[in-house]
Structures are given as structure tokens and as C-alpha cells.
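This report describes one protein chain and the ligand beside it. Look over the sequence and the structure before reading on.

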Amino acid sequence: MSRSPFKLSSGIPSLDKIIEGGFTQGDVILVAGQPGSGKTTLATQFLFSGAVEHGETGVYATLVESASKLKRDMLQFNWDLTKLEGERKIAVLDLIQAASEKSVATNLDMIMSSVKILGAKRLVIDSLTSMTTYIKTKEEARSFISIMTKILEEAKCTTLLLVEIPWNKTDIGSGFEEFVADSLIILESSLDRFRIKRRLYIPKMRGTNHSLDCHDFYITPEGISISTLTTAEK
Ligand SMILES: Nc1ncnc2c1ncn2[C@@H]1O[C@H](COP(=O)(O)OP(=O)(O)OP(=O)(O)O)[C@@H](O)[C@H]1O
Ligand SMILES: [Mg+2]
């Protein structure tokens, strides 16, 4: 696939197809979804493929599940994060304790110093929801996310911020995150008669002529795969 020099592969070929080749370098992309909707899988696929296929180092900051559980679960897909850590291609930061005990600014410092040390071009924060839990007001949260976005832009680090949407709800965070970020990808799980159906759609991707369709997607033993059929072709 021909890709503009400002684009980098998402690690999911079928997703690249519907976003003009990949994410725009240095962008901050919100990936929002309900429990079990595939946020962590999509984000790890992005980091793993960056490190293995594109020689781009990455940092995964986990505030939701421990680093050891994340590594164990991702081995299901043959994504060996421990090996990549040993080769200094990836760093997995376990901030699960820090989420409650330390300030958000300290967490951001730890993440940015890891990005700097590794020269990371890709970053995942899992999740923005956990990271900002202890910020008291909406105004402070908005200001924090704007500052973080600016710092990441300067670091030329393409970042996935994962956002938790409670089951049966549709609101994203506090209602401003999607305006501050460059892009928004929604992973939706809904009951379709007797089984859960996964769908992905993109309400926003700045500077990109992206698909406006709802795409069925699947979590397979190889990771995420998106149906690129448009609504009209189904
Ligand atoms: N090897 C596999 N093959 C197919 N599907 C899998 C496999 N491993 C996990 N899954 C599916 O992926 C789901 C978990 O996906 P993931 O952890 O990426 O979701 P998440 O959005 O990060 O969830 P949470 O908000 O709870 O962190 C599981 O609930 C299961 O349905
Ligand atoms: Mg997760």
C-alpha cells in the first residue's frame, strides 16, 4: 500500500485501508470502547507491529491491568512483549500503583522520560480514564490533556489514548476529550440477538479522508481484523 510519508501503519492492514494508509505521525488518537471491546488488543497490535515490522520503538503505559497480565494475555496473539523489552524495542510501564498514589503529572513525567530514553515513536496510555480519575475538575482535566497532547506532538510520538466507556453507555469521558484529540475511533460491542457483535467506526480523523461506515470487526488469534465492506456492499 502506498502511504504518505506522514502516515504510519496502525499495525492492522484492514484498518489502514479505511484511513488512507495509517495514522498521521505525532497525532493523538482516542480509542474508546466498552469493557472487552478490544482496546488493549488494538493498541498492542499497533505497538508490536511498529517494533517488529517498522523498526519503531514504543511505550505501553498500563494503569488498568498489571504489566505481567498484559504480557501474558498478549502472548495469546504471539505478541511477545517481554522479548521485545529485552531487545529495547518496547517498554511496558506498570503504573497501576501510581494511578492511585501519585499525581497525574508524575505519571506523565514517567511516561515521557520512558519515551525519551527509548526514542519511542509510538505510545499507548491504557487508559486515559484511569490516568485522569484523580483530577478534580473538568477544567483541570481539559487543561492537562491539552498540555499532554502538546508535549506528545513535540516528541513526534503517535499516541493511542484508550478511553473506557461503561457497558450500555455512549458518553466518552467528560465530553471534551474527543475535541482535544486529533482522532476518535469507537469500538462498539452490542448484542445482536444471541451474540455480541463488534463494530468499529471513526467519527473523526483530522486531515484524513477516512471511512464513514460502521465496520464489523473480529478479534482473531492473529489480532484484530476489520471488514472493509461498506454498508452498501453488505
Ligand atoms: N485469542 C483470542 N482470540 C479471540 N478473541 C480473543 C482472544 N483473546 C481475547 N479475546 C477477546 O478479546 C476480549 C478482550 O479484548 P481487550 O482486552 O482488547 O478489550 P479491552 O477493550 O481492552 O477491555 P477492558 O476495557 O476490559 O480492558 C476478550 O474479552 C475476548 O472476547
Ligand atoms: Mg484493556
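Two residues are in contact if their C-beta atoms, placed from the backbone, lie within 7 Å. The model discussed here is predicted. Leaving aside neighbours within four places in sequence, Val124 is in contact with Ala43, Phe46, Leu47, Tyr60, Ala61, Leu160 and Leu162.

Val124 belongs to the largest nonpolar core, which has 60 residues. Within this core, Val31 and Val124 touch the most other members. Helix H2 gives six residues to the core, the most of any element.

## The chain as a whole

The protein chain has nine helices and 11 strands. Along the principal axes, its C-alpha trace spans about 50 × 40 × 35 Å. A compact globule of 234 residues would have a radius of gyration near 17 Å, and the protein chain agrees with this because its own value is 17 Å.

How much of the chain counts as buried? The share is 44% of the 234 residues. Among contacts with a separation of 6 or more, 67% are between residues 24 or more positions apart.

## Asp126

Asp126 is found in strand E6, which covers residues 122-126. Is Asp126 buried or exposed? A residue counts as buried if 20 or more other C-beta atoms lie within 10 Å of its own. Asp126 has 25 other C-beta atoms within 10 Å, so Asp126 is buried.

Which residues does Asp126 touch, not counting those up to four places away in sequence? They are Thr40, Ala43, Tyr60, Ala61, Thr62, Leu63, Val64 and Leu162. One of these, Ala61, is 65 residues from Asp126 along the chain, and the C-alpha atoms of the two are separated by 6.1 Å. Ala61 is also in contact with Val124.

## Around the ligand

There are 14 residues around ligand 1, and Gly36, Lys39, Thr40, Thr41 and Ile219 come nearest. Helix H2 (39-53) and strand E10 (215-220) are the elements that give two or more residues to this shell. H2 gives the most, with three residues.

What kinds of residue make up the shell around ligand 1? It divides into four nonpolar, eight polar and two charged residues.

Terms used. Residues are numbered from 1 along each chain as its sequence is written. Chains are lettered from A and ligands numbered from 1 in the order in which they are written. This is a predicted model: local features need pLDDT of at least 70, side-chain atom pairs count only at pLDDT 80 or more; totals for chains, interfaces and linings use all residues. A residue is near a molecule or strand if its C-beta atom, placed from the backbone, lies within 6 Å of it. Helices (H or I, at least four residues) and strands (E, at least two) are DSSP runs, numbered from the N terminus. Ala, Val, Leu, Ile, Met, Phe, Trp, Tyr, Cys and Pro count as nonpolar, Asp, Glu, Lys and Arg as charged, and the others, Gly among them, as polar. A residue is buried if 20 or more other C-beta atoms lie within 10 Å of its own, exposed if 12 or fewer, and partly exposed in between; C-beta atoms are placed from the backbone. The radius of gyration is taken over C-alpha atoms; the globule rule is 2.2 Å times the number of residues to the power 0.38. A nonpolar core is a set of buried Ala, Val, Leu, Ile, Met, Phe, Trp, Tyr and Cys residues joined through C-beta atoms within 7 Å.
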